[in-house]
Structure formats: C-alpha cells, structure tokens
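Keep the viewer open as you read.

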Amino acid sequence: MKNVKCLRCIKCGREYEAAPDATTCECGGILDVVYDYDYIRSVSSPESISASDNYTMWRYRPFLPVEEDTKQPPLRVGWSPLYEEPRMAEKLGIRKLYLKDDGLNPTASLKDRASSMGVAKAIEAGYDTISCSSTGNAASSLAGNAAAAGLKTYIFVPERAPIGKVAQLKIFGATVISVKGNYEETFELSKQAIDEYGWYNRNAAINCYLMEGKKTVALEIAEQLGWQAPDYVALSTGDGCTIAGVWKGFKDLYSAGFIDRLPKLISVQSVNTCPINIAARTGEPWQPMEENTIADSISVGVPRNPDKAINAIVESGGIPVEVTDDEILEAMRVTGRECGVFGEPAGVTGMAGLTKLCAEGKIPADASVAVIVSGNGLKDTANGIKAAGEPIRLEPDMDKFRKVFEELQAK
Ligand SMILES: *Cc1c(COP(=O)(O)O)cnc(C)c1O
Ligand SMILES: [Zn+2]
C-alpha cells in the first residue's frame with residue numbers, strides 16, 4: 001500500500017506495519033491508519049475522482065487502506081444520495097439542509113461501508129470466515145457483504161436486536177448467535193470466540209480498517225457539495241466509530257488539500273445512553289451507562305471507540321446533544337413526511353438532535369448542515385408504526401368510507 005505509511009496507536013503512539021489482520025496495540029490502544037498525503041496528491045485530485053465512473057465507496061481508493069491489486073467486493077456500497085431539503089431548512093431556520101440517505105446501501109445501513117472494507121481486508125489476509133458482534137446493522141451488513149464475496153460468517157447479536165435485522169442475517173446465511181444479555185456481554189463473547197477460533201475480526205473498534213470504510217460517507221458529502229465541507233454534520237453516535245470515521249474522512253480531504261475547511265460535528269445520543277457525549281462535554285473520562293433507548297443501533301452503554309469519537313467532537317469544535325425517545329419518534333415522522341426518507345430510530349437521531357439545537361437557537365441562521373440518515377426504517381417497522389400510528393381500519397363499504405372521508409375533511 002503506497003498510500004499508507006503505518007498504523008499508529010492513538011494511546012501510546014507506537015507504530016506498526018499495516019498488516020491486513022492487525023488488531024489493537026500491545027498497550028490495548030486502538031490503531032489509526034496513517035496516510036502519505038503527498039503520495040495521494042500525486043496519484044489523484046478532486047477532478048480525477050469526480051471523473052470516476054465507479055459509483056461506489058471504492059471511487060475513493062487513493063484514500064483507502066487496501067493493496068493495489070485487492071478486488072472491490074461485489075455489493076454496490078456507497079454513493080448514496082445527498083438530498084437538498086429547502087422546506088426542512090426553512091422550518092429549522094437554517095440556510096441549507098442536506099440529507100445523506102445511507103439507508104439506501106445494499107443491506108440498508110451505513111455499516112455496509114465498514115463491512116465492504118472488512119470483506120476486502122479479510123480476503124487480502126487470506127481468511128475464509130469473518131465474525132463480529134453488533135447491535136444489529138454491523139452484523140446484517142457483514143453477513144450480506146460476506147455472502148456476496150463467498151465468505152462464511154459467525155455473528156453475535158444481543159437478544160433485543162429487531163427481528164428485521166435478524167431476518168437479514170438468516171437470509172444471508174450467517175450462523176447467528178442471539179446472546180441472552182446486553183451488547184457489552186455480546187461483544188465480550190464474540191471476542192473470546194474470535195480469539196479461540198481465529199476468524200477475521202470485524203469489530204469496528206478493534207479492526208482499524210473498518211473506520212476507513214465508514215469515512216467514505218464524509219468523502220461523498222464533500223464531493224457531492226462540489227468538494228466543500230458543510231458547516232455542520234449531524235449524526236447519531238453509539239460505539240463512536242461512525243463519528244470518528246466521518247472526522248477522519250474530512251481531515252483526510254483537508255490534509256490532501258482537496259477541501260479548504262472542516263465541518264463541526266453534531267454528535268447525537270439518547271438522554272438515557274450518552275456516555276460519549278457526557279465525556280465530550282465535561283472533559284471527564286467516560287463512564288458506563290444503562291442501555292435504554294428505542295434507537296437500538298446506538299443503545300451502547302459501554303462504547304468501544306470512545307477516545308476517537310470524543311476527540312472528533314472536541315477537535316471539530318462540535319456539539320454533543322441528547323434527545324428523548326419521543327424526539328426520535330418525532331424525527332422519524334418528520335423525516336418521512338417532509339423528505340420522503342424512512343429512517344430507523346438511530347437513523348434519524350441525527351435529525352432529532354439538529355431539530356433540538358435549532359429550536360434552542362444554537363445553530364446560526366446562515367449555516368449549512370448535512371444530516372446523515374444512517375439506517376433504513378424498514379429494518380424496524382414496529383417503531384415506524386409507533387411513530388406514525390395505525391392505518392384507518394374499515395370494512396369494504398363505500399358508505400363507510402364516505403363517512404370517514406367527511407370526518408377527515410372536517411378536521
Ligand atoms: C451503528 C449505527 C450507528 C452508530 O455508529 P457507531 O459507530 O456505533 O457510533 C448509528 N446509526 C445506525 C443506523 C447504526 O447502525
Ligand atoms: Zn499503544
């Protein structure tokens with residue numbers, strides 16, 4: 001990999017050669033992929049990337065940690081739409097609002113970006129089996145992307161994972177272990193099994209390459225805005241790998257000279273489960289919290305990538321904000337009705353947080369904001385109905401319909 005210098009521990013600074021199955025530092029710290037920006041600049045430019053006809057996350061190959069001859073995995077991941085939403089922007093009282101609909105990825109969440117990378121690296125390292133633990137989406141995306149590439153998967157999910165996500169796992173042929181415990185216990189079990197059986201590890205906080213896949217969402221936002229960062233990017237935070245990846249993506253482009261300023265990151269968590277946000281706000285070490293929100297994908301009481309995430313919020317001059325489950329349900333409804341985009345609860349939590357900040361007058365009126373919708377609402381239809389309500393139930397009788405219709409008109 002000519003574009004990668006080394007892997008560097010974020011805790012102790014120790015450097016490692018970039019082996020495809022590298023995990024954490026000897027000291028336990030998480031590694032970070034260090035790039036050679038001069039080299040990247042010498043082989044690519046905003047213009048050369050914009051001229052690419054590869055409409056997947058792999059159009060950013062000069063910024064990705066893979067060998068020159070590594071094959072792009074088969075599923076079409078990335079290059080999701082960035083919609084401009086003028087009516088919502090007006091409602092919120094900001095200049096520009098953009099919605100990045102990452103629920104349109106092949107297994108319907110942003111996690112496909114990490115899984116596509118994980119599959120590429122597993123094949124590079126010569127493995128035929130991959131494993132992970134997940135609140136749901138990392139698992140279903142790994143199962144799908146691995147299936148398409150002909151790899152076996154062992155997946156550990158907490159028993160509360162929504163049935164839509166478990167159905168995806170089973171359909172993609174994964175061996176699924178539904179752990180009778182919370183996410184923390186699920187993660188620990190997967191770690192032990194991976195150590196014992198020597199599978200490739202697709203746990204985003206351990207495998208530093210996965211965040212490099214996630215960062216492509218930021219590269220796309222910048223390119224779709226004409227190689228510019230918006231003033232703010234709002235998204236939900238669970239383990240912290242996504243927000244850390246988004247920050248890495250913008251910083252990579254900035255370091256290579258492809259964009260000339262960086263956005264501020266708005267990290268949105270649940271009021272009940274927000275260890276990363278509290279640490280970012282107070283500067284104190286993070287503390288474990290209960291896992292208690294309908295937004296299952298960010299119901300993470302013991303985050304696995306807190307340091308990179310906290311750093312991303314603080315270094316960007318960003319804003320941590322917490323929302324209630326009711327505010328998340330409201331965001332599901334509003335995003336659906338105003339934008340035609342159906343997000344799962346964690347998928348629209350970024351929108352819920354932005355809405356709250358705008359109501360509190362914390363976002364300047366001339367700001368441009370990109371909100372990432374990180375997962376599709378069809379994965380969790382129970383909460384969709386909870387947010388939007390039941391249909392009108394009626395016998396097949398026109399007289400009865402007329403009556404209902406008149407009542408609706410009178411409202
Ligand atoms: C995983 C996930 C997140 C949060 O990402 P982290 O890396 O855990 O912070 C947000 N939304 C959805 C839909 C997810 O699946
Ligand atoms: Zn270290």
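Predicted model: local features only at pLDDT ≥ 70, side-chain atom pairs only at ≥ 80, totals over all residues.

## From the sheet to the ligand

Val 33, in strand 3, is the bridge partner of Leu 7. Residues are numbered from 1 along each chain as its sequence is written, chains are lettered from A and ligands numbered from 1 in the order written, and side-chain values use heavy atoms, without hydrogens or water.Strand 1 (residues 4-9) and strand 3 run antiparallel and are joined by five bridges. Strands here are DSSP runs (E, at least two residues) numbered from the N terminus, and two pair if DSSP finds at least two bridges between them. The open sheet has three strands in the order 2-1-3, paired antiparallel. Strand 2 (15-16) and strand 3 (31-35) are at the edges with a single partner strand each, so one side of each lacks a neighbour in the sheet.

Now turn to ligand 1. Among the 16 residues around ligand 1, Lys 111, Asn 137, Asp 239, Thr 242 and Ser 374 come nearest; a residue is counted if one of its heavy atoms lies within 4 Å. A polar side-chain atom of Ser 374 is 2.7 Å from a nitrogen atom of ligand 1. The protein buries 97% of the 380 Å² that ligand 1 exposes when taken alone (Shrake-Rupley method, 1.4 Å probe).

Conventions
Helix = DSSP H or I, 4+ residues; strand = E, 2+ residues; numbered from the N terminus. Polar contact = N/O pair within 3.5 Å; in protein donor to acceptor, adjacent residues only side chain to side chain.
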